[in-house]
Amino acid sequence: MMSWDAVYSLLPLVVGLPLLAAIACALLDSHRWRVGLSILFAFLQLSIVVMLLLAIQHSGAGASYRYALGGWGAPLGIDLVVDGLAIILLLITALLVLILSIYSAQYFSAPNKAAGFWPLWWLLVAGLNAAFISADAFNIYVALEIIGLSAVALVALTGTRAALTAALRYALVGLLGSLCYLLGVALLYRAYGTLDLVQLASTVQANPLTWASLALISVGLLLKTALLPLHFWLPSAHASAPAPVSAVLSALVVKASFYLLVRFWLEVLAPATTEFAMNFLGLLGATAIVWGCIAAFRASRLKLLVAYSTVAQLGYLFLLFPLAAASDISVPLIDSVSDVAGSAALAAVIYFIIAHALAKAAMFLAAGNIQSCYGHDTIDKLQGAARSQPIAVFTFAIAGISLIGLPPSGGFIAKWLLLNSAIQNGQWWWVIVMLVGGLLAAVYIGRVLTIAFAQTVAQSGDKMSTHLLPRGLAMCGLVLAISAVLLGFNAEPVLALLEGSAQISSMGAGGL
Amino acid sequence: MSAEIIIDIILSLSVLLLACLTLSARQVFTAIVLYVSLGLLVTIIWVRLNAWDVAIAEAAIGAGLTGALLLVAWRRLSNEAAAKFESSNDVY
Amino acid sequence: MFISLEFQQQNTNEKELSRVTCWLLGAIITALSIALTIALLVTDKAVPGLADLAAKNLDISGVENPVTAVLLNFRSYDTLLEIAVLLIVAVAILPTQSSTTTQFLSVDDKIIISPVLVGLLKWLVPLAILVGGYLLWTGAYSPGGAFQAGAVVAGAGVALSLAGRHDFLWQTTKARVALNLGLLVFLLVAAANAIVTGTSLQYPVEHAGWLILVVEIAATLSIAAILLLLFVRLKKIAERSEQEINQ
Amino acid sequence: MTQDLLYSVVGVALFGIGVFGVVVAAHVIRKLIAVNIMGIGVFMVLLASAHHGAITDPVPHAMVLTGIVVAVAGTAQCLWLALRIQLLDENEAGESTQ
């Protein structure tokens, strides 16, 4: 019999391998070596994550594993923890990193930019993975800094004034957010004398200090997640980054801080949360859906449209909080009906994260391809793009189906689950918001497609100087878009996987 | 009320005052100089709090290196109007 | 307060916030700070935190300075990631063009600097390196350690750079190795630990002392190199033009 | 105990002053100084919490050391970006006057 503990001991590699890849890419001078090694490391990372996934599944529903780094164990040492929620995010990260690495290998053909890109890329991946598996509040701060600083550096790689300004604002917002988070952690440590999330979860009480630290931690993480009033930095940063970077920023980076918010609100600081606060987050999310869609419709550039669409889609994620509040997700009552509804909301949101990550990454790659072909991405000047760039437009359309939430895509299933959970909880008003959001998404995606499929004016045919892109660039986006749709066809196995993992309160219970 | 606590109160008040002065300084250069002195003053507080390791690091990195970086950048960014935070119009 | 942050940044021509907004903002922040202060005052703090646990395990940590024990043994994972943070900024501002020279430090004798300065540098640089070495060594027993030592050594480089005669060529292999060495050695030691003890970053008790020293030496080198890089590159870009900075 | 409370409160106040500065200041360097003052505030809360009279808790000290290094890294990155923007603007201005 294979010992599953042996598999679990691979857990530190999830952070170690990307760091090693970053060093290798920084030390090596040859472009070919860098690319080859990166793709190899991406494969390795994926296989380790898959092994961990199998181990988690083997251990049964609600399983989690704690790895005591340094052998000290919390609270003195730092523990890593992997449970169903974390492993799903690790998996989607590993998958996207593999495809985006293949894309980037062709995208960054100029050695100058590639030299900077690969080490930063891997450092960002290390930060993401570290944030997903960390069980220590201060360690999460360091992981957030890794994510923030490397994301800023990657945005700045474009080198234009717009990109540099966006990167500078992103950097300042990131610093502000991290410091708010750190003050929250400092207060928690002061009151409870531990940084371990599980120990905090079992000792925190609802008192003013806990509320203060919850508020600070939330403001810090909301700044990084770009929930509506704090979203101002996102569109310019995501729109002006290089295409694969935009893809990873929208698909994973904002999700990392959302994931941490979920951990803190539903798990670590659950005793201090109130239903009112949860509903407030939901309200902000609902506003973000509507406002993001309108801004996306009014955007003049394709990548900016996609970035505003991220603001809107992030809004859906925050509907989790009111739904979870209504069903008391944080209390593990196995047989109660309300708990089932609560974990259904969490499962829906996880499904949403996966579907959005795939679709949005595909969309940014398609937009990037169109941009590098035309030399611009002004939406009004994209007439005839469907003819000159069929694959890119096709990718955009398929990804759009998932974003709108049309059947049979992954986005449809995600929204369906979310709708169901809202109806089960009797919170019908969120249903209206979701339906309006879907309609508005259809409008802004329809606008792009109408222009792309429009007949080109006769004279513009020879005026357009589109240079051909390598086939691989187009295919990567297509693969992502199709998998976003396939996610809808294969809802059963994915849901079965979520079923066991969506029990968030298992993190403490299943610990060693 | 011992002498110790009076020292602490004086240190606290001067740190707060210095922080306000730093942020309200008319010239950016003055702000940088005041920030460095704030860093050095804070170093004394770290010593008062028994944090010698932090005090050394604060003096060397927090006040020293950060101050040097700010001063070096200030020479190019000293033009107040140019270095203002502007949202890029080309995004919209 | 954050809405006004947005307000300011979206209004491209708004140079400063209006007086009323400033006062309002100040009032809100003051109110929040007071609320936070009250929350601090009414809640007891956990005494003595992790001090007891740290003191109890100090004997088997391989060092005698508790802060160094926390940084490089108990919670060494944080330090590992922190060196990665430094590396990010280093990579982000590193010149992109590769070079043919192998010498990291170049001296331009044609630049004339005052003999007083030369004499001063002759004393200052070895002294800083000596102090750095001392801080590194003493970090195991008393205040000091890799960060402080790295900063002091970087200070020697800063002095050289300010004198104007020396130039650092960051695209050389030597420089790149120096920048990455800290993280690399840290990772290798972590991996070796995993093989020997079965747990990553867990030092075998009898070997903890020298292993930590190895990690610290490599980390000091990298921290010094990265901090120096930050200063030198910022100085260069502040003095020169866009094309020149990539060389 | 009073020493600890005093410095915790001062830390919170410094954080507040820093937040105000970040939002109000227009110049990048001023914003960065304000961020660093926020950082000092957080560090002060941490170190004050670590101070229990004769006993000192080393864990917050290590956290603050990490925080100081991260702060200087972030500051350097922001300055680098600001300088590059400045260079681009100067080049542009130079070209348009020629």
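How many residues of chain C are in contact with residues of chain A? The structure is a predicted model, in which local features need pLDDT of at least 70 and side-chain atom pairs count only at pLDDT 80 or more, whereas totals for chains, interfaces and linings use all residues. Residues are numbered from 1 along each chain as its sequence is written, while chains are lettered from A and ligands numbered from 1 in the order in which they are written.

In this model, 48 residues of chain C are in contact with 46 residues of chain A, two residues being in contact if their C-beta atoms, placed from the backbone, lie within 7 Å. On the side of chain C that touches chain A, the elements giving two or more residues include helix H1 (2–10), helix H2 (19–42) and helix H8 (173–197) of chain C, and H5(C) supplies the largest share, 12 residues.

Chain D has 3 helices and 2 strands, where helices (H or I, at least four residues) and strands (E, at least two) are DSSP runs, numbered from the N terminus. Along the sequence, these elements of chain D follow the pattern α-α-β-β-α. Chain D is more spread out than a compact globule, because its radius of gyration is 19 Å, well over the 13 Å that the globule rule gives for 98 residues; the radius is taken over C-alpha atoms, and the rule is 2.2 Å times the number of residues to the power 0.38. The C-alpha trace of chain D spans about 70 × 25 × 10 Å along its principal axes.
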